[in-house]
Amino acid sequence: MENKEINLEANIQYLKGVGPKMAELLMKLNIITIKDLLEYYPRQYEDRTKLYHIDELIENENNLFMATVVKPVQSIRRGKLAILSTYVSDDTGVCKLTWFNQKYIKEKLKIGNKYVFFGKVINDNGKKAVETPMIYSLSELDKVQGLYPIYPLTAGITQNYLFKIMNIAYDNKPLVEEIFDDGFRKKYSLAEINFSMQNIHFPKTFHDVSEARRRLIFDELFLLQLALMTIKNSTLGKEKTTKFNSVDIKPFLDLLPFQLTNAQNRVIEDIKKDMYSSKIMNRLVQGDVGSGKTIVAAIAIYIAVKNGYQAALMAPTTILANQHFEELGQYFDKLGITVEIITSSTTKKRKQDIVSRLKSHEIDVIIGTHSLIEDDIEFNNIGLVITDEQHRFGVKQRMMLGNKGESVETIVMTATPIPRTLSIILYGDLDLSIIDEMPPDRKPVKTFVVSDNLEARVNEFIRKQVKEGRQVYIVCPLVEENETLELKSVQTLYEKYKNEVFQDLSVEFLHGKMKNRQKDEIMQRFKNNEVNILISTTVIEVGISVSNATVMVIENADRFGLAALHQLRGRVGRGAHESFCILKSNNRSLQSRQRLKIMESSNSGFEIAQKDLELRGPGDFFGIRQSGLPEFKLANLLTDVNVLKETQDAVKELLEEDRNLEHHIQLKKELFNQYGEQLTKRTT
Ligand code: ADP
Ligand code: MG
């Protein structure tokens, strides 16, 4: 007999029982080809594993049973309703079955014949009865008995219809290519792919379901990891030409007014290990706001410079670049290390001078903004590049700075509190170190969510803090008043506070549209405590560190993501004084209140991110959608962490054996099928 193998790439309309009309509806479920249908997985299953006897039927549950029709089907009318009923029996008893308006039942059920029924058992005047049961022939029992798949639906598509066409597709014995060999599958306890595809739809037992799910989830996460690692290998397979000898960092540590935390020390060890190894460093340092990442960066820079290399530190804003320049400059000056800064407000003449001194290696360390990646910036001997607040930059910018040298060690730093599982994925091409400890004696910032009608009290509180010598940030979502949005703006609030509420205090404002020099000047005056209240947009979100500031007021707080709120809150609580964050919001929706409540109850960025993820789902999380992460069919980043970890190890092992996937042709094919476009995008 001819092997009527089904073409998986064929349009779904050519499957028997579909046709163009249904194909159009199926398109709404993203089912376009037959393969799409096979990969349209059930959301859950209905237990139809047990075949009951009539005397065992359980009231108020859906039961599957087999019985013989013993009475002709009766039909009576009640108004518009046609009620059809009959009796069936087996060795253990008799049961009444009822349907409404389904006249074809009369033709379908033949007296004396045995059928399989499935439906909800009810109590009919003390006797068991079943209303509107489904009817199957005995030959269909094999298909029906088991776990019945429940699919997500759309208008015009029913469970039964999907079940039917799924069966038709599987009757054609579709074969998916296996991407793993037997040894690999055995090692990772993975079911065979065609078994899994079949059993995700038509499992007989929950054990089958879990086998199938495990395999399919493994595949999804494995391919993602493989894609990320392939990128890593292609961009970083370069020979390491920099060479670092061990450096004594004590002279640097001696300058610090504090001891490093254990977490900082651990991360520094990770960095040293990378730098002294023969592999080029590509490390993400993640640490909550205020955990002390800057010093870690400074020590890496110190090691590079002591080895005769230049180092660059890139920050997303001029304000932050200036701050780093001041903080690190104060240490490096004492150690005879030359530091310079380049931002967009650096004058042309000054920049020319810096560019030439960089080229001649008169400058050891350069700090700056995006300006650092411009073409005219050339180094004599760059060995280390650090990007601060990496989430503000794209992968490309990070690589461009790295490309300024032959082989450059890279550290990227972020406070964006991404749960570990997700950072593995988002930054899967990086090694990860986490500063999971705060410097000692940090008091948590007290956080309150208030509505606008408490404004007078909030203002009183602000005044009290200022009288005690402290400083205050007020953050608004807008720069200027906007007719369509009823949101607080920096301009309006500034006028009001300066001219009415806080006439006697020094109030200033700051936003992204101002000239860099203006911004720097205001920031400098704030640092010098010449400004009591700074009204600003989120330009102050990242990195800013003024330890005398103790109050952060955020207007229309519901308009900000939790990550941003946490970052903003991190601007206070940086010194010895007790600090406060006041989240103003008039949004009474449940979701909004739930989200802001998370801010009240937690000071840990990681925890906040985790909860935000649970509330909103990964799709909305920190713009992951724009980051090129695929949407998974089955895998769930929250619950499948263990599998994710396994796939990471599995991918590493595989690539060690077969770096270019020469002996895994099918796997390679599938990888490019799924990630081809992104792989090429990210490797060029
Ligand atoms: P972030 O991780 O948010 O970039 P910073 O590097 O700006 O944090 O550090 C926040 C503040 O904590 C700075 O004032 C810094 O000097 C201080 N700091 C860093 N490490 C320690 C430590 N181990 N003990 C005490 N203070 C520290
Ligand atoms: Mg920082």
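## A salt bridge between E530 and R525

The side chains of E530 and R525 come together in a salt bridge, 3.6 Å from N to O; the term stands for a side-chain nitrogen of Lys or Arg within 4 Å of a carboxyl oxygen of Asp or Glu. E530 is partly exposed, with a relative accessible area of 40%, and R525 is partly exposed too, at 24%. Here, buried means under 20% relative accessible area, exposed means over 50%, and partly exposed lies in between (1.4 Å probe, protein chains only).

This is a predicted model, in which local features need pLDDT of at least 70 and side-chain atom pairs count only at pLDDT 80 or more, while totals for chains, interfaces and linings use all residues. Residues are numbered from 1 along each chain as its sequence is written, chains are lettered from A and ligands numbered from 1 in the order in which they are written, and side-chain values use heavy atoms, leaving out hydrogens and water.

## More charged pairs

Side chains of opposite charge can pair when their charged atoms come close. Across the whole structure, a search finds 35 salt bridges. One of them joins K279 and D431 at 3.2 Å, N to O. This pair links distant parts of the chain: K279 sits in the loop between α10 (262–276) and β10 (282–287), and D431 sits in strand β16 (residues 431–435), 152 residues apart. Helices (H or I, at least four residues) and strands (E, at least two) are DSSP runs, numbered from the N terminus.

K597 and E600 also meet in a salt bridge, at 3.6 Å, N to O. Why are K597 and E600 separated by about one helical turn? They are three residues apart in helix α20 (residues 590–601). K597 counts as exposed at 53% relative accessibility, whereas E600 counts as partly exposed at 32%. Elsewhere, a network of salt bridges links D452, E455, K488, K496, E555 and K584.

## Around ligand 1

Which residues come nearest to ligand 1? Of the 16 residues around ligand 1 (a heavy atom within 4 Å), they are Q259, G290, K293, T294 and R442. A backbone N or O atom of G290 lies 2.6 Å from an oxygen atom of ligand 1, and for G292 such a backbone atom lies at 3.0 Å. K293 uses its side chain, with a polar atom 2.8 Å from a ligand oxygen. Taken alone, ligand 1 exposes 570 Å², and the protein buries 86% of that; accessible areas come from the Shrake-Rupley method with a 1.4 Å probe.

How values were computed: Polar contact = N/O pair within 3.5 Å; in protein donor to acceptor, adjacent residues only side chain to side chain.
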